Amino acid sequence: MAIDITQFHETFFEESFEGLDIMESGLLNLDIGAADNDTINSIFRAAHSIKGGSATFGFTDVAEFTHGMETLLDEMRDGTRDVTQKSVDTLLQSVDCLRELLAAARDKTPVDSERVAVVHKSLEKILSSEGGSNISTENDEHNENSQTESISERSGWKINFKPHHDMLKTGNDPVRMFRELSELGELTVIVDISQLPTLADLDPEESYLSWDLTLKTDVEIDLVKEVFEWVIDECDLEISEIVSSTDDTAMSSETQDRENEQGTENISSEPSSQAKRQVAKPGVTEKSTASTDSSASIRVSIDKVDALINMVGELVITQSMIGQLDCDFDDFDNSRMEKLRDGLTLLERNTRELQESVMRIRMLPISFAFNRFPRMVHDLCQKLDKKIELRTTGENTELDKTVMEKIGDPLVHLVRNSIDHGIEMPQARKETNKPETGVIELNAFHKGGNIIIEIKDDGAGFNKDRIKNKAIERGLISSDEHLSDDKIYDLIFQPGFSTAEQLSDISGRGVGMDVVRRNIRELGGNIDVTSEEGKGTTFTIRLPLTLAILDGQLVCVGDEIFITPLVSIVESLQIKKEFVNNIAGQTELYKVRDDYIPIVRMHEMFGINVEKKSLEGGLLVVVEGDGKKAGLLVDELLGQQQVVIKSLETNYQRVDGVSGATILGDGTVALILDVDGLIDLSRNTSAPNNSPDNSVLAVA
Amino acid sequence: MTKNTKENISTQNDNTIECGDLLDISMVNEINQKLKQSLDSGNDISINVSNIQRIDAAGAQMLCAFYQDAKSKNIKCTWQSPSEVFLKAIQQLDLNNHLGLSCDS
């Protein structure tokens with residue numbers, strides 16, 4: 001019976017992407033010049049698995065590409081090749097390419113074959129050079145770049161053919177195969193006899209030779225592959241395009257290769273200006289770091305599954321216990337009532353525990369989000385000539401998968417900012433008596449019902465005067481306005497605000513921090529910043545552990561019930577008229593101890609008819625969001641309960657001041673308040689000439 | 001057409017190994033024994049490849065291992081009147097230099 005192997009694709013891709021993460025982190029941990037066999041072995045194993053899987057599932061381009069990497073890693077592993085910066089960089093670029101190839105295979109989308117060919121060529125170039133002598137030189141890099149710039153047309157195929165030991169025994173003969181190849185075009189053959197033993201050790205029926213073939217031809221790859229059709233399972237085969245230059249000044253790739261191999265230097269040491277623009281630093285692309293792409297599935301540890309099964313077992317026992325009660329209500333005595341009560345209590349506990357167990361399944365360690373940063377720091381340090389050490393703590397802190405996927409981009413933005421604008425150049429650090437190597441710390445920990453993520457750097461810190469001047473220049477504040485430090489730092493989250501003197505392609509275009517804050521707020525979290533000039537900056541992100549369930553306080557306004565997140569509630573109090581103040585007849589403030597907070601009339605905000613409109617004796621729920629407080633005027637406080645959040649955007653549309661909805665026990669729908677949004681909204685609507693437009697907020 | 005130079009080819013040698021007209025995987029074990037024995041003798045060796053009508057990678061590879069061994073032991077090895085088929089196969093596999101057969105295009 002034929003097996004549909006496509007059912008295994010998803011698992012293969014998941015494992016392959018995990019393998020790529022292992023490879024990337026291993027490569028970043030490799031010590032240049034030293035052979036750390038454990039690390040190289042783990043990288044090799046990951047590459048080997050990807051190659052094997054991709055060949056099995058018919059992703060030949062992935063298998064062929066991985067083969068080159070595997071060969072290089074194998075040589076590093078057995079000590080015949082030194083671990084050089086160039087090899088590691090090329091392997092990192094190859095990891096990026098492989099990630100693209102796998103994503104393209106998974107999504108059935110086209111891949112940037114030119115980029116893949118260039119990286120493949122770099123790999124081949126290293127492989128064809130003598131082991132240990134492939135130290136990167138400026139000249140090499142320039143050659144590579146000018147090659148990158150000028151290639152555009154295929155002129156043939158480069159074939160790496162390594163028969164397995166038993167291939168000759170199956171009657172397949174390279175002489176015949178090479179003859180067939182030579183009929184397709186101009187064939188150049190380079191044999192590798194390095195594995196050939198002495199005659200005494202030779203088994204003459206086994207194969208020890210391997211070949212690098214260059215076929216100059218315009219035939220398609222299928223014809224080339226056809227030659228190897230019978231030996232595909234008995235050899236390591238890698239076929240790559242030879243791309244030739246359309247630039248008259250550039251050399252053909254093959255000629256260039258040979259000259260590089262021979263160490264000749266007849267290529268100008270000055271790269272062309274065009275080539276210079278395209279300095280191919282290792283994968284400073286979004287794609288290269290996108291290791292936490294959202295995926296449709298999740299890996300769950302067996303412990304969590306066992307806990308879930310235990311809970312279900314408990315639930316079944318409870319159900320059977322309740323079921324044993326004879327439901328003859330005419331004869332329902334106190335003892336049975338007692339048992340029923342016990343059963344219901346048990347049921348409540350089981351349900352809660354089951355819910356917690358299910359929620360734990362969605363929890364992933366934050367290392368999933370942190371793992372991308374070593375590579376990013378490595379690449380950007382090279383690009384910017386900075387020295388930065390990345391330290392992470394709390395990688396095992398768990399976070400809901402959805403939150404994890406959504407926090408990735410804001411974190412990237414903040415770390416990029418720290419690298420680009422926070423950490424100074426080594427010389428500048430030296431001049432200020434700092435170590436040349438800057439430090440960026442990523443810390444994660446649980447606090448209360450939240451997860452806290454800190455991004456801390458020991459860089460230049462914010463220049464408060466510059467932020468203030470920029471804000472005055474942009475008309476955000478007046479020149480005589482006195483602002484606290486917090487308010488000043490808060491300005492960086494304004495749209496389009498940037499104090500960077502020079503824009504770079506890394507950060508500093510001023511289109512980021514506002515988006516970062518908005519994204520974090522959408523997750524139900526917030527972000528704070530503290531900074532000290534010359535000492536460094538710390539961004540602190542507070543996030544809810546999960547987006548699916550919320551501890552809420554039910555409040556009643558007219559006939560409507562709203563859910564206020566418990567984490568946002570500071571206190572609830574009954575309004576006393578003497579503490580109410582009016583400012584210019586517009587904003588109503590309530591004095592809470594030494595603080596004045598704006599009163600948000602919920603019925604006005606949501607266009608609800610209520611009987612009692614006066615403040616006197618009303619209930620005020622004091623809430624805090626994003627460092628700001630407000631008092632929500634409600635009619636009644638109901639109970640507290642956990643609610644399952646349903647997206648309003650998905651099921652209806654986005655409504656300002658509301659973060660979602662839930663279905664209550666009696667089947668009615670209740671809106672969940674977005675406290676931050678509500679406070680902002682109330683501030684805007686209470687401003688003169690901007691009266692609230694209730695129709696926008698009216699409960700649908 | 002490519003021709004090999006005749007410099008390394010000898011027709012006069014006491015220690016001559018006949019390769020016959022077939023040197024493929026079916027014959028390599030047999031020839032291999034002869035090659036080993038001749039290497040052990042330590043004398044200069046001549047290999048008659050003039051009649052070869054078919055040679056495959058297994059045969060060529062074995063001759064290469066033999067030639068490399070002989071070279072490392074300073075044993076002179078010469079090829080007797082290599083046939084066109086032999087030369088073509090050796091060239092096809094890029095083993096000319098490794099067998100001491102330089103080629104002129």
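Select the loop between α4 (85-107) and α5 (113-128) of chain A; K108(A) is placed there. Keep in mind that this is a predicted model. K108(A) is not a glycine, yet its phi is positive, near 55°. In general, most residues other than glycine have a negative phi. Is K108(A) buried or exposed? K108(A) counts as exposed because it has 6 C-beta neighbours inside 10 Å, and the cut-off for exposed is 12 or fewer.

Next, stay in chain A and go to the loop between α15 (372-384) and β6 (388-393), where D385(A) is found. What is the phi of D385(A)? The value is near 55°, which is positive in a residue other than glycine. D385(A) has 9 C-beta neighbours inside 10 Å, so it counts as exposed.

R542(A) has 18 other C-beta atoms within 10 Å, so it is partly exposed; a buried residue would need 20 or more.

Show the surroundings of R542(A) as well. Which residues does R542(A) touch, leaving aside those up to four places away in sequence? They are N450(A), I452(A), G525(A) and N526(A). Then draw a distance from R542(A) to I520(A), C-alpha to C-alpha: the two are 8.4 Å apart in space and 22 residues apart in sequence.

Hide chain A for a moment and select chain B. Its secondary structure amounts to 3 helices and 7 strands. In what order do they come along the sequence? Colour chain B by secondary structure and follow the pattern β-β-β-α-β-β-α-β-α-β. Chain B has 105 residues, and 44% of them are buried. For contacts in chain B between residues at least 6 apart in sequence, 88% join residues at least 24 apart.

Conventions:
Residues are numbered from 1 along each chain as its sequence is written. Chains are lettered from A and ligands numbered from 1 in the order in which they are written. This is a predicted model: local features need pLDDT of at least 70, side-chain atom pairs count only at pLDDT 80 or more; totals for chains, interfaces and linings use all residues. Helices (H or I, at least four residues) and strands (E, at least two) are DSSP runs, numbered from the N terminus. Two residues are in contact if their C-beta atoms, placed from the backbone, lie within 7 Å.
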